[in-house]
Amino acid sequence: MALYPQLILDALKHVRYPGNGVDIVTAGMVDDNIRIEGNKVSFSLLLDKPNDPFAKSLVKASEQAILTYVGKEVDIVGNIGINYKTQLPPQPEKLLPQVKNIIAVSSGKGGVGKSTVSSNLAVALANEGYKVGLLDADIFGPSVPKMFGLEDARPYLEPVEGRELIRPEEKYGVKMLSIGFFVDPNNAVLWRGGMASNALKQLISDANWGELDFFIVDLPPGTSDIHLTMVQTVAITGAIVVSTPQEVALADARKGISMFMGEKVNVPILGLVENMAWFTPAELPNNKYYLFGKEGCKRLAEELNIPLLGQIPIVQSICEGGDNGEPVACNPDSITGQAFAELARKVARQVEIRNETLPETKKVDVKRG
Ligand code: ADP
């Protein structure tokens, strides 16, 4: 009897996946590529997980079904493959269609300067002529209001095409929203995960962000539900991870990077920022003291083959700028302002490089708006 793929499929229809009782052909678990050479048949069963407990028994049952329904003279090779179609992360519906690039800023640990970098990066990109938005998604410790001197701001609603939308605050050329504008920051810590995620979604979808070249999202430290909410809510262009050069911070940064690169999140890493890279006292401007170790992020970036986007020293003005509501990037001629301007240019460049590798239809123009 001549063998042909449909014959094999008909036989495999008799095998049911024990997990849901559906036959494996209908469940899409049989790879289209059934190979037949003479009386040798090889086929692959596609499973969602490599360690599926039914894997071996399914192959056996499939081989048995082919022997039973096709014929005893058939020589069979059954394999297990992974169903990559079901491995892809859910495609977020395209919220923020007028936003060209969404950049997540994250860190492994708290206190390494993630919000400082987010705020200064946003201002520095605005100084470069881009249209910039900043979302403070560090829902458990929102610091953007303080860093921009907007602790008392209470954004109001405005009608836009028949909807009432939250109007982002605007300062130093950056449109911004923070949960800190709506709740007492001291109470934010008590939020349950679901509430925090919903509040964040609202700040994204019910706000009048308008057209933006860059939307910077200051994420909470570590790996939280908020990270998952963000990747499921918007299409993130890439992530920036901030760390100090200290070993304990780097270990957590590494975890953060692998979360972004993992299947569940699957966001490209634009690069690492080394914050608090060294300290230079004002009276000894040529001296560099490596308080948290030397070039730890540089080494990590090299090891993981990701770009090092910048090294920001410990400077009193950076801390004061954060406390006084005027990020140092507002003064692009200062040394620290220049460091953030350089960072902004590198980030824009990385986004361009990334876009160049995308198919034509997905390319985004990052030229100044
Ligand atoms: P995170 O968002 O990671 O928790 P922050 O950005 O709030 O960290 O920074 C923690 C503290 O360190 C803030 O007081 C900030 O002003 C200060 N800081 C951050 N980076 C620097 C720096 N490069 N030089 C001086 N102070 C810094």
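By class, the shell around the ligand in this predicted model consists of 8 nonpolar, 6 polar and 1 charged residues. These 15 residues surround the ligand, and the closest are G111, K114, S115, T116 and P313.

K114 places a backbone N or O atom 2.8 Å from an oxygen atom of the ligand. N275 has a polar side-chain atom 2.9 Å from a nitrogen atom of the ligand. P313 also takes part through its backbone, with an N or O atom 2.9 Å from a nitrogen atom of the ligand. The ligand taken alone exposes 560 Å², and the protein buries 81% of that.

Which elements give two or more residues to the shell around the ligand? They are helix 4 (114–127), strand 12 (269–279), strand 13 (308–314) and helix 10 (316–324). Helix 4 supplies the largest share, 3 residues.

The largest nonpolar core has 81 residues. Within this core, the residues with the most contacts are L135, F215, I216, F260 and F340. Another core lies apart from the largest one and has 24 residues, including Y17, V30, I34 and V41.

Key:
Residues are numbered from 1 along each chain as its sequence is written. This is a predicted model: local features need pLDDT of at least 70, side-chain atom pairs count only at pLDDT 80 or more; totals for chains, interfaces and linings use all residues. Side-chain values use heavy atoms; hydrogens and water are left out. A residue is near a molecule or strand if one of its heavy atoms lies within 4 Å of it. A polar contact is a pair of N or O atoms within 3.5 Å; within protein, one must be able to donate a hydrogen and the other to accept it, and residues adjacent in sequence count only if both atoms are side-chain atoms. Accessible areas come from the Shrake-Rupley method with a 1.4 Å probe; for residues, only the protein chains shown count as cover. Helices (H or I, at least four residues) and strands (E, at least two) are DSSP runs, numbered from the N terminus. Ala, Val, Leu, Ile, Met, Phe, Trp, Tyr, Cys and Pro count as nonpolar, Asp, Glu, Lys and Arg as charged, and the others, Gly among them, as polar. A nonpolar core is a set of buried Ala, Val, Leu, Ile, Met, Phe, Trp, Tyr and Cys residues joined through side-chain atoms within 4.5 Å. Buried means under 20% relative accessible area, exposed over 50%, partly exposed in between (1.4 Å probe, protein chains only).
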